[in-house]
Amino acid sequence: MYKKIIIQDFNQPVMWLIPAIIFSACLVLFISWVYEKGSQKQEKDNGINKKYRIAWILFIAYIIVTFQTVFFSREAGSRKEISLVLFETWGHSFHMHAMFIENIIMFIPFGVLLPIVFKQVRSGWKCVLIGFLCSCGIEITQHITQRGYLQLDDVVTNTVGMFIGWAIWKIVCKCLRTCLSEKC
């Protein structure tokens with residue numbers, strides 16, 4: 001039952017994914033092109049830029065889809081409540097459980113992509129702190145614009161999703177290092 005509700009709820013963000021990736025790719029490729037034209041150290045800089053272009057494209061696409069989902073998919077002034085009760089949104093229905101799980105899932109890509117594109121946040125606590133602060137920012141902005149409920153649960157679940165994403169990134173990095181050192 002959860003799976004069906006979650007898949008249904010993710011239909012809209014998935015519909016935004018292709019245009020977001022196309023827009024992000026155009027943006028990243030244009031910025032890279034401009035940078036390469038102005039760069040004096042083209043050989044060294046081009047390798048770095050090319051290596052991270054896909055990660056940047058996915059990161060920007062993720063930000064676009066997230067903003068569309070948490071802000072622009074809702075009517076302004078449609079939601080005014082505040083809930084500071086922990087685990088209140090878990091609720092008693094399958095749909096409430098699914099929304100709780102969706103908030104975790106929503107931040108997993110952020111936890112994976114952030115340390116890839118920003119080397120400064122590769123430690124777990126920095127990555128999770130940024131996820132927490134971004135989630136707080138989303139909740140406060142939703143409350144101010146009345147495009148979403150301000151809920152403590154959303155901050156907690158988003159932060160858990162960020163940690164899970166960072167852990168996935170860390171595990172994949174360790175596996176790749178091991179594989180490359182053993183020449184898999």
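These questions and answers concern a predicted model of a protein chain.

Reader: What share of the 184 residues in the protein chain is buried?
Author: A residue counts as buried when its relative accessible area is under 20%. Of the 184 residues in the protein chain, the buried ones make up 36%.

Reader: Is Val-160 buried, partly exposed or exposed?
Author: Val-160 sits in helix H6, which covers residues 152-181. Together with Phe-163, Ile-164, Ile-168, Val-172, Leu-176 and Leu-180, Val-160 makes a nonpolar surface patch of about 610 Å². Buried requires under 20% and exposed requires over 50%. Because its relative accessibility is 36%, Val-160 is classed as partly exposed.

Reader: Which kind of aromatic pair do Phe-107 and Phe-110 form?
Author: Phe-107 and Phe-110 are both in helix H4 (residues 94-117), 3 residues apart, about one turn of the helix. Both are buried. The whole structure has 11 aromatic pairs. In the pair of Phe-107 and Phe-110 the centres are 5.5 Å apart and the planes stand at 85 degrees, so with the cut-off of over 60 degrees the pair is edge-to-face.

Reader: Which residues do ring pairs link into a cluster with Phe-107 and Phe-110?
Author: Rings pair if their centres lie within 6.5 Å. Through such pairs, Phe-107 and Phe-110 belong to a cluster with Trp-56, Phe-59, Tyr-62 and Phe-118.

Notes: Residues are numbered from 1 along each chain as its sequence is written. This is a predicted model: local features need pLDDT of at least 70, side-chain atom pairs count only at pLDDT 80 or more; totals for chains, interfaces and linings use all residues. Side-chain values use heavy atoms; hydrogens and water are left out. Patches are made of residues with over 30% relative accessible area and no salt bridge: like charges are joined within 9 Å, nonpolar side chains (Val, Leu, Ile, Met, Phe, Trp, Tyr) within 5 Å. Accessible areas come from the Shrake-Rupley method with a 1.4 Å probe; for residues, only the protein chains shown count as cover. A salt bridge is a side-chain nitrogen of Lys or Arg within 4 Å of a carboxyl oxygen of Asp or Glu. Helices (H or I, at least four residues) and strands (E, at least two) are DSSP runs, numbered from the N terminus. Buried means under 20% relative accessible area, exposed over 50%, partly exposed in between (1.4 Å probe, protein chains only). Rings of Phe, Tyr and Trp (its six-membered ring) pair if their centres lie within 6.5 Å; planes under 30 degrees apart count as stacked, over 60 as edge-to-face and the rest as tilted.
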